[in-house]
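Hello,

Here is the structure I promised to pass on to you. Have a look at it first, and then read my notes below.

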Amino acid sequence: MNIETNRIEYKEKLTDSLEKEAVAFLNSKGGDIYIGVKNDGTAVGVANPDDIQLKIKDRLKDNIRPSILGLFDVFTKDMHGKTVVVVNIASGSDVPYYIKQKGRSESGCFIRIGSAIQPMPEEMIAKLMAKRHPISLRNLPSSVQDLKFAQLKIYYAEKGKELNEHFATNLKFRTPYGKYNQIAYLFADENRFSIRFALWSGKDRTSKTFKKEEYGDRCLLTALSRIQDRMDVANQTQSKKQGFKPRLDKKYVDKEALREAVINAFVHNDYSRDDTPIFEVFEDRFEITTYGNPLEYMTEEAFFTGCSTPRNPEIMRIFQDLELVEHLGTGIPYIVGLYGREAFQISKVGVRLTLKFDKSIEEEAEREAALKSKEESSEKSREKTTIKTTHKTTIKTTHKIIEVIRQNPKVTTLELSGLLDLTIDGIKWNLKKLKEENKIRRVGSKKDGYWEII
């Protein structure tokens with residue numbers, strides 16, 4: 001039987017106490033409110049889940065202060081054949097949160113103690129107000145006030161959403177004095193924030209750098225898209241034939257973990273320091289560096305177990321609007337489950353995440369090749385090694401091309417040349433080989449067509 005805890009609240013139906021319960025979670029460690037579940041954990045379901053979800057979103061948005069946009073998520077879940085509504089709430093950084101009509105007082109502020117909700121004493125309210133995070137991007141005016149947001153509007157339009165004339169207010173793009181703030185500057189068409197990417201040839205920073213790039217001076221979402229593309233290309237797929245079984249494909253790093261890591265870096269970075277995330281690719285790992293110490297506003301245990309307290313809730317809200325993040329607080333636990341807590345190095349400066357490559361399939365292929373070469377004559381072995389090296393190089397190159405096409409079917413020869421650091425003639429030769437092997441084909445004209453993987 002499921003029971004209520006300090007992180008779980010059951011409600012048989014939506015009641016007037018929703019805001020009170022949400023405030024208690026916000027001021028504590030976060031948690032989930034289940035609508036359509038009895039106190040003893042028995043699921044009874046709800047009749048109109050879509051209508052209930054809409055009412056919940058409006059009530060939480062309108063009735064709680066400070067704004068908690070970006071700190072909650074509402075979705076449905078099947079429990080024993082019944083549809084229930086789940087309200088996932090993060091612990092907020094702007095504590096104490098309170099019910100708007102009651103104000104910042106004992107009748108408006110609440111805290112979760114075990115499975116019970118208690119009024120927050122006035123002394124605690126005063127202490128929390130004194131400890132509130134002093135730096136907020138919302139309160140920092142942008143150095144440039146003539147900002148344009150064409151790129152941001154395109155991203156919203158692609159999701160079927162339109163930014164009206166009040167979008168700057170709705171997205172918290174203005175300071176209390178009406179000027180554009182640092183949040184607005186981050187999402188403007190032009191800015192001075194640059195996201196750095198480095199591709200190293202070895203296992204440390206003393207090795208020769210293959211490439212250093214900067215993606216910035218533009219909307220943060222555009223920089224995110226470019227970084228995701230570069231990391232996806234670097235996260236190569238290893239393949240292994242298994243006789244009559246389906247071919248085994250495996251990425252160097254879990255694809256979902258890498259995606260969560262990249263997005264977390266963009267959302268949780270401390271941009272007030274003018275420092276931006278760094279993304280590095282080494283021979284044996286990815287390293288992602290985010291500035292700002294999360295332990296300033298949450299415990300280490302809360303960080304690792306997913307008590308999500310976004311450093312930048314305004315950025316989180318936009319990422320949620322554009323469906324770049326799903327449910328709050330799931331990214332870090334997912335990464336920890338695969339790579340352990342030791343993957344994170346937390347310091348006063350920030351957080352460095354190391355995702356080590358799993359090259360087991362490649363290494364197995366190399367061991368098999370070495371064993372086979374020993375069984376053959378030295379002359380044949382040398383010939384086979386030469387053939388194999390050339391073949392392997394071609395396979396790696398064509399494989400990288402296929403990976404890029406998989407991410408962007410409309411990629412051009414010139415773009416492939418830049419991404420893979422090959423000459424245009426080299427790219428054309430490999431494309432011709434792939435077409436001859438019936439692995440890809442061109443659909444449409446050179447100008448308006450696209451590549452198709454067969």
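Ile278 stands opposite Thr289 in β14. Strand β13 (residues 278-281) and strand β14 (residues 285-291) run antiparallel and are joined by 4 bridges. Two strands are said to pair if DSSP finds at least two bridges between them. Helices (H or I, at least four residues) and strands (E, at least two) are DSSP runs, numbered from the N terminus.

Before you go further, please note that this is a predicted model: local features need pLDDT of at least 70, side-chain atom pairs count only at pLDDT 80 or more, and totals for chains, interfaces and linings use all residues. Residues are numbered from 1 along each chain as its sequence is written, and side-chain values use heavy atoms, with hydrogens and water left out.

Back to the sheet. It is open and has 6 strands in the order β10-β9-β13-β14-β16-β15, with mixed pairing. At its edges are β10 (209-216) and β15 (344-346), each of which pairs on one side only. On average, neighbouring strands of this sheet are turned by 15° against each other, direction ignored. Axes here are lines fitted to C-alpha atoms, for helices over the stretch in contact, and angles run from 0 to 180 degrees between N-to-C directions. Helix α11 (residues 331-339) lies across β15 and β16 (350-356), and α11 runs at about 45° to β16. Contact, here and below, means heavy atoms within 4.5 Å.

Next, two helix pairs. Helix α4 (residues 150-158) packs with helix α7 (residues 220-234) at an angle of about 65°, their axes being 8 Å apart. The two helices, α4 and α7, are therefore roughly perpendicular to each other. For the wording: angles under 35 degrees count as roughly parallel, over 145 as roughly antiparallel, 65 to 115 as roughly perpendicular and the rest as oblique. Gln151, Leu152 and Tyr155 in α4 meet Leu221, Thr222 and Ser225 in α7. By class, this contact of α4 with α7 has 3 nonpolar, 3 polar and no charged residues. Ala, Val, Leu, Ile, Met, Phe, Trp, Tyr, Cys and Pro count as nonpolar, Asp, Glu, Lys and Arg as charged, and the others, Gly among them, as polar.

How do α8 and α10 pack? Helix α8 (residues 255-268) and helix α10 (residues 313-321) are at an angle of about 140°, with axes 8 Å apart, and α8 and α10 are therefore oblique to each other. On the α8 side, Ile263, Phe266 and Val267 meet Ile315, Met316 and Phe319 of α10. The contact of α8 with α10 has 6 nonpolar, no polar and no charged residues.

Some loop residues are also worth a look on your screen. Leu71 sits in the loop between β3 (64-65) and β4 (72-79). With 2% relative accessibility, Leu71 counts as buried (under 20% relative accessible area; exposed is over 50%, partly exposed in between; 1.4 Å probe, protein chains only).

Finally, His80 has a positive phi of about 55° although His80 is not a glycine. At 69% relative accessibility, His80 counts as exposed.

Best wishes
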